[in-house]
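Colleague: I would like to learn how to read a model like this one. Please take me through it feature by feature.

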Amino acid sequence: MAHSFASPQPFSLTYVVYEEGDSLSLVIAFCSLLPVLAMVCHASHLLLRRELNSVLFFLGSLASVATTSLVKHIVKAPRPEASILTARGYGFPSLHAQLAAFILTSLWLALLFQWQARRLICLLFLLLSACVSAAVGYSRVYLGAHTLLQVVCGHFLGMLLAAIWYVLTPPIKRLAKWGLHLTGLNALLRVYDASLASTPFLQFEYEQYQRLNLTAAHSKSL
């Protein structure tokens with residue numbers, strides 16, 4: 001028997017609506033969910049790979065969401081009145097804009113300083129990040145979930161939190177490796193640090209695959 005809710009409320013993080021028959025409205029609604037989809041994809045990657053840097057990045061994303069939610073409850077700024085959304089809650093800053101900015105800024109910082117990619121690649125990714133962030137921010141304003149100021153502040157907060165987390169990641173990583181090794185959870189959960197590899201991990205895995213494939217082919221030929 002279905003439960004009867006006295007005061008039903010949609011989950012605002014994933015709740016979006018669009019104008020029926022309007023393709024642009026549908027695309028904009030999808031853009032609004034891009035940060036959430038990115039988190040879901042990253043969580044799936046984390047469970048499959050168990051790589052320490054991915055774990056820390058995911059934890060940083062959750063910390064940024066918690067920080068933004070705290071700011072929302074401190075400021076207590078309302079959402080726009082003329083909204084087609086029925087989601088409740090405070091509007092400042094935009095959580096979707098913050099999360100998009102945090103994810104993209106973190107990736108750009110890693111690309112620039114950690115992976116030492118070429119300047120052209122960094123520039124192209126920066127332009128792509130700006131376009132994606134703008135699309136997410138515009139979608140929130142278009143849907144009436146936030147004002148332009150709330151979205152812009154959400155973007156700046158996300159970039160600031162990404163920079164802070166990037167600086168804090170090395171000491172947190174050392175502490176996490178010490179704790180995992182001390183408790184034996186690294187062996188139990190198969191958690192590893194791909195940054196210790198002398199070659200890029202994808203290349204290493206592909207070379208391992210090639211060797212195993214050649215070995216299997218040689219065994220069949222005997």
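Modeller: Start with a cut-off: a residue is buried under 20% relative accessible area, exposed over 50%, and partly exposed in between. This is a predicted model, so local features need pLDDT of at least 70.

Colleague: Is Leu123 buried, exposed or partly exposed by that cut-off?

Modeller: Leu123 has 45% relative accessibility, so it counts as partly exposed. The residue sits in helix α5, residues 119-142.

Colleague: Which residues form a nonpolar patch on the surface?

Modeller: The general idea is that in soluble globular proteins, nonpolar side chains tend to be buried together. Here, Leu120, Leu123, Leu124, Leu126 and Leu127 form a nonpolar patch on the surface. Together these leucines have about 480 Å² of accessible area.

Colleague: And where is Val27 found?

Modeller: Val27 belongs to helix α1, residues 23-32. With a relative accessible area of 47%, Val27 is partly exposed.

Colleague: What does Ile103 touch, not counting residues up to four places away in sequence?

Modeller: Ile103 is in contact with Pro35, Ala38, Met39, Phe57 and Ser61.

Colleague: How many aromatic pairs are there?

Modeller: Rings pair if their centres lie within 6.5 Å, and the angle between planes then sets the class: under 30 degrees is stacked, over 60 is edge-to-face, and the rest are tilted. By this rule there are two aromatic pairs. One of them is Phe57 with Phe102, at 6.3 Å centre to centre and 20 degrees between the planes, which is stacked. This pair links distant parts of the chain, with Phe57 in helix α3 and Phe102 in helix α4, 45 residues apart. Both Phe57 and Phe102 are buried.

The Tyr138 and Tyr142 rings have centres 5.9 Å apart and planes at 40 degrees, so that pair is tilted. These tyrosines are four residues apart in helix α5, so about one helical turn separates them.

Colleague: Are Tyr138 and Tyr142 buried, exposed or partly exposed?

Modeller: Tyr138 is partly exposed, at a relative accessible area of 49%. Tyr142 is also partly exposed, at 34% relative accessibility.

Colleague: Last, the backbone. Which residues have a positive phi without being glycine?

Modeller: As a rule, most residues other than glycine have a negative phi, and most peptide bonds are trans. Lys76 has a positive phi, near 60 degrees, and Arg190 has one of about 60 degrees. Lys76 lies in the loop between α3 and α4, and Arg190 in the loop between α7 (185-189) and α8 (201-221). Lys76 is exposed, with a relative accessible area of 51%, and Arg190 is exposed at 58%.

Colleague: Which residues does a cis peptide bond join?

Modeller: Phe92 and Pro93, with omega about -10 degrees. Pro93 is in the loop between α3 (52-75) and α4 (95-114).

Definitions and conventions
Residues are numbered from 1 along each chain as its sequence is written. This is a predicted model: local features need pLDDT of at least 70, side-chain atom pairs count only at pLDDT 80 or more; totals for chains, interfaces and linings use all residues. Side-chain values use heavy atoms; hydrogens and water are left out. Helices (H or I, at least four residues) and strands (E, at least two) are DSSP runs, numbered from the N terminus. Buried means under 20% relative accessible area, exposed over 50%, partly exposed in between (1.4 Å probe, protein chains only). Contact means heavy atoms within 4.5 Å. Patches are made of residues with over 30% relative accessible area and no salt bridge: like charges are joined within 9 Å, nonpolar side chains (Val, Leu, Ile, Met, Phe, Trp, Tyr) within 5 Å. Accessible areas come from the Shrake-Rupley method with a 1.4 Å probe; for residues, only the protein chains shown count as cover. A salt bridge is a side-chain nitrogen of Lys or Arg within 4 Å of a carboxyl oxygen of Asp or Glu. Rings of Phe, Tyr and Trp (its six-membered ring) pair if their centres lie within 6.5 Å; planes under 30 degrees apart count as stacked, over 60 as edge-to-face and the rest as tilted.
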